[in-house]
Amino acid sequence: MMKHRDAAGKRKEGLPLLAFARSLLSLCIFWRFIMINNTALQKWNRLSHKQLDQQFINEIISGLQCSPFEASAILDTVYRIYTPYFETSGALKPGQVLFTVISAETASNTPLAEGRQVTVVLTLDSGEEDLEIRRTSGVVGLRRHRIQRLAHEAFQQGGLLTVEDLANRLLNCGQRTLCRDILALKTKHIILPLRSTIKDMGRAISHRSLIVEQWLQGKEYAQISQATFHSIASVKNYVSKFKRVVALAGEGFEVHEIAFLVKLSSSLVEQYYQLYKNASVVPHRSKELESFFKKNPTTSEPFRRLP
C-alpha cells in the first residue's frame, strides 16, 4: 500500500516538471522561428539597400544632410520629372526628339518660368513624307508643314508650343519668318494650336475673327471647335460677343465704347467691323443675326450695316 502511494506521489511531482519541459521546448521553437524570420527580414532589407533608389537616397542624406523622409521626397520628384525620359528613350523613332513645353493646363497669366511643363515627343523629320513635300512645295512649304505637325503633336500630348519654341529651338528660323508662315496658314483657315492661340494671347488673338467667320459661313459649333482646337463654350462666347459688337455698332456707338461695354480690345472690335462688312454670310446665319438684333434690348432702331 505504501509503495503505491510513493509511486503516485512521484507521478504528481513529475507532472510540473513535464509541463515545464514542454513549455521550454515550445519557447525554444518559437525563439528559433523568430530568429529565422529576423534573418529573412534582414536579408530582404540588405537586398533593398543595394538598389539604385537606396543608393540615391543615401547620397542625398549624406550630401545634403537631410532626413530619410526628405531624401525619399526628392527621389519621388526626380521620378515624376524624368520618367518620360526613362520610358521613351528607347522608343524614339528616327527623326523624333524629346522636347519640354509648357503644359496646356497652365493659365495664360502664369509666367513661363513658373508654369507647369511637360515632356512631349516631336517629329522633326518624317523621312519620305518630308522629302516629297520638299520636292513639290520647296523649303517654305516644308517648313509650314512641319510647323503644323509639331504644333499638333505637342497639343495632343498635353503641351503647347510657342512661336519662340518653333523659331529658336526647333526650326532655327527668324520669328518674323515664322509669323509670316502662321499668317499664311490663317488665310487658308488653318489655325495652329499654339499657346498664343489657345490661351488668347498676343497678336494671335485675331484667330477669333477666323472662328466667327467660319460661323458666318454656316459651320456648326462642334465643327468649328474641332477645327480650331477651342472648346464649344469658347466658340459660342466669341460668336455672342461678335453679335453684341455689331448690334452696338448699329446703334451708333464708337469703337472705344463698344470695346468697354463688350470687354474686348479696340483692335478686335475693328476686326469684327470689317468682318461683318466684307464676309459672305449664309442665309440662315443672316436670319439668326436679325433675330438677335430684334430681341437685343440695346437695339431700338432697325438694324443697319456699318457704312
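Start with the largest nonpolar core, which has 29 residues. A nonpolar core is a set of buried Ala, Val, Leu, Ile, Met, Phe, Trp, Tyr and Cys residues joined through side-chain atoms within 4.5 Å. Buried means under 20% relative accessible area, exposed means over 50%, and partly exposed is in between (1.4 Å probe, protein chains only). Select Leu-216, Phe-242, Val-245, Ile-258 and Tyr-272, the members that touch the most other members of this core. At least two residues each come from helix 8 (207-216), helix 10, helix 11 (255-262), helix 12 (266-278) and helix 13 (283-295). Helix 10 gives the largest share, nine residues. Helices (H or I, at least four residues) and strands (E, at least two) are DSSP runs, numbered from the N terminus.

This is a predicted model, in which local features need pLDDT of at least 70 and side-chain atom pairs count only at pLDDT 80 or more, while totals for chains, interfaces and linings use all residues. Residues are numbered from 1 along each chain as its sequence is written, and side-chain values use heavy atoms, with hydrogens and water left out.

Keep Tyr-272 selected and show its contacts (heavy atoms within 4.5 Å). Not counting residues up to four places away in sequence, Tyr-272 touches Arg-208, Ser-209, Val-212, Tyr-238, Lys-241, Phe-242, Val-245 and Leu-264.

**Helix 10**

Next, select residues 232-250, which form helix 10. How far apart are the end C-alpha atoms of helix 10? They are 27 Å apart, which agrees with the 27 Å that its 19 residues should span at 1.5 Å a residue. The expected span is 1.5 Å times one less than the number of residues. Buried residues of helix 10 include Val-235, Tyr-238, Val-239, Phe-242, Val-245 and Val-246. An α-helix has 3.6 residues a turn, so residues three or four places apart point the same way. After helix 10 comes Gly-252, whose phi is positive, near 95 degrees.

**Helices 11 and 12**

Now show helix 11 and helix 12, whose axes come within 9 Å and cross at roughly 110 degrees. Axes are lines fitted to C-alpha atoms, for helices over the stretch in contact, and angles run from 0 to 180 degrees between N-to-C directions. Helix 11 is therefore roughly perpendicular to helix 12. Angles of 65 to 115 degrees count as roughly perpendicular, under 35 as roughly parallel, over 145 as roughly antiparallel and the rest as oblique. To see the contact, select Val-255, His-256, Ile-258 and Ala-259 of helix 11 with Ser-266, Val-269, Glu-270 and Tyr-273 of helix 12.

Move on to the open sheet, where three strands lie in the order 2-1-3 with antiparallel pairing. Two strands pair if DSSP finds at least two bridges between them. Which strands are at the edges? Strand 2 (117-123) and strand 3 (159-160) are the edge strands, each pairing on one side only. Strand 1 (residues 96-103) and strand 2 run antiparallel and are joined by seven bridges. Select Leu-98 to find one of the bridge partners, Val-121 in strand 2. Strand 1 also pairs with strand 3 in the antiparallel sense, over two bridges. Here the bridge partner of Ser-103 is Gly-159 in strand 3. Strand 2 is mostly covered, with five of its seven residues buried.

**Helices by the sheet**

Helix 5 lies across strand 1, strand 2 and strand 3 and runs at about 150 degrees to strand 1. Is Asp-165 buried or exposed? Asp-165 counts as buried, at 11% relative accessibility. Leaving aside neighbours within four places in sequence, Asp-165 is in contact with Phe-99, Leu-160 and Leu-170.

Then select helix 6 (residues 175-187) together with helix 4: they pack at an angle of about 80 degrees, with their axes 10 Å apart. Helix 4 and helix 6 are therefore roughly perpendicular to each other. Among the residues making this contact are Val-140 and Ile-147 of helix 4 and Leu-178 and Ala-184 of helix 6.

**Two loop residues**

Finish with two loops. Most residues other than glycine have a negative phi, and most peptide bonds are trans. Gln-65, in the loop between helix 2 (52-64) and helix 3 (68-88), has a positive phi of about 55 degrees although it is not a glycine. Gln-65 is exposed, with a relative accessible area of 67%. In the loop between helix 5 and helix 6, select Asn-172. The phi of Asn-172 is also positive, near 55 degrees, and Asn-172 counts as exposed at 64% relative accessibility.
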